[in-house]
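Please walk through this structure with me, one region at a time. Keep the sequence and the 3D view side by side.

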Amino acid sequence: RAYNAESAYKLMDHGADVDAANLEHKTALHHAAWRLNHAVVDALLWRGANIDAVDVSNTTPLALALTLGHGHQDEENLDTDESCRYGDPSFQDYFDPQTSSGCFNLTIKALLDGKPDLEVPGVASRTALMMPREPFATKLLLAAGADPIAKDEHQSTALMHAFLLRG
């Protein structure tokens, strides 16, 4: 929904606090990541939003996009952008209509460009690499330096989670 992004830009231009958090400690960056709105994610990070903000569940915006964003491309709660769906040439490396959502990949890339701490333990002590359901997200996380041998609170590794999450 373009009006959400346009409203967000206007609010930021007029001094809105990009790190303000609600009662669940979610920030605008959490919401933009969950909605897979890569353009708003970029704008928030450009304006200094905290990439490593955690909510009451110890979930970062990156973890939220990795776990909840994927697979919900057609649901009403997500923003859509024609550049994500129709292959704007500048985004071709991040869009594979056979296997993934361009908006998902672009959002993950935008969040990784913000240099998050990839080893922040989230729910059940899972790191970012233990969460992706898309091979492209795994590739981006590894390229960004995620630790492939880290273990969660159950001593499971990202490789073990690959089978749990991806079937």
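K115 sits in the loop between α6 and α7. The model is predicted. In it, K115 has a phi near 60°, a positive value in a residue other than glycine. K115 comes after α6. Is K115 buried or exposed? Its relative accessibility is 69%, so K115 counts as exposed.

Step back from K115 into the helix that precedes it. Helix α6 covers residues 102–113. Its length can be checked. Twelve residues at 1.5 Å a residue should span 16 Å, and the end C-alpha atoms of α6 are 16 Å apart, which agrees.

Now look at how α6 is placed. Ten of its twelve residues are buried, so the rest of the structure largely encloses this helix. The buried residues of α6 are G102, C103, F104, N105, L106, T107, I108, A110, L111 and L112. For these residues, buried means under 20% relative accessible area.

Which helix packs against α6 at an angle of about 10°? It is α3, residues 38–46, and the axes of α3 and α6 are 8 Å apart. Angles under 35 degrees count as roughly parallel. The two helices, α3 and α6, are therefore roughly parallel to each other. From α3, the residues in this contact are H38, V41, D42 and L45. From α6, they are L106, T107, A110 and L111. By class, the contact of α3 with α6 has five nonpolar residues, two polar ones and one charged one. The spacing of contact residues along a helix has a simple background. An α-helix has 3.6 residues a turn, so residues three or four places apart point the same way.

Next, the interior. Nonpolar side chains tend to be buried together in soluble globular proteins. Here the largest nonpolar core has 37 residues. Those touching the most other members are L29, L44, L62, L66, I108, L111 and L141. Six helices each supply at least two residues of this core: α1 (2–13), α2 (28–34), α3, α4 (61–69), α6 and α7 (135–143). Which helix gives the largest share of this core? That helix is α6, with six residues.

L141 deserves a stop of its own. L141 is one of the buried residues of α7, along with F136, A137, T138 and L140. Leaving out residues up to four places away in sequence, L141 touches L62, L66, L112, L118, A128, L129, P132 and A146. Just after α7 comes G145, which takes a positive phi of about 105°.

Continue past α7. K151 lies in the loop between α7 and α8 (158–166). With 48% relative accessibility, K151 counts as partly exposed.

N58 has a positive phi of about 65° although it is not a glycine. T59 counts as buried, at 12% relative accessibility. Beyond residues up to four places away in sequence, T59 touches H30, A53, V54, L64 and V123.

A53 turns up again in the contacts of T27. T27 is in the loop between α1 and α2. At 5% relative accessibility, T27 counts as buried. Not counting residues up to four places away in sequence, T27 touches V18, D19, A20, A21 and A53.

Finally, take the whole chain. How many helices and strands does the protein chain have? There are eight helices and zero strands. Along the sequence, the pattern reads α-α-α-α-α-α-α-α. The protein chain has 167 residues, and 45% of them count as buried. Of the contacts in the protein chain with a separation of 6 or more, 67% join residues 24 or more positions apart.

Methods
Residues are numbered from 1 along each chain as its sequence is written. This is a predicted model: local features need pLDDT of at least 70, side-chain atom pairs count only at pLDDT 80 or more; totals for chains, interfaces and linings use all residues. Side-chain values use heavy atoms; hydrogens and water are left out. Helices (H or I, at least four residues) and strands (E, at least two) are DSSP runs, numbered from the N terminus. The expected span of a helix is 1.5 Å times one less than its number of residues. Buried means under 20% relative accessible area, exposed over 50%, partly exposed in between (1.4 Å probe, protein chains only). Axes are lines fitted to C-alpha atoms, for helices over the stretch in contact, and angles run from 0 to 180 degrees between N-to-C directions. Angles under 35 degrees count as roughly parallel, over 145 as roughly antiparallel, 65 to 115 as roughly perpendicular and the rest as oblique. Contact means heavy atoms within 4.5 Å. Ala, Val, Leu, Ile, Met, Phe, Trp, Tyr, Cys and Pro count as nonpolar, Asp, Glu, Lys and Arg as charged, and the others, Gly among them, as polar. A nonpolar core is a set of buried Ala, Val, Leu, Ile, Met, Phe, Trp, Tyr and Cys residues joined through side-chain atoms within 4.5 Å.
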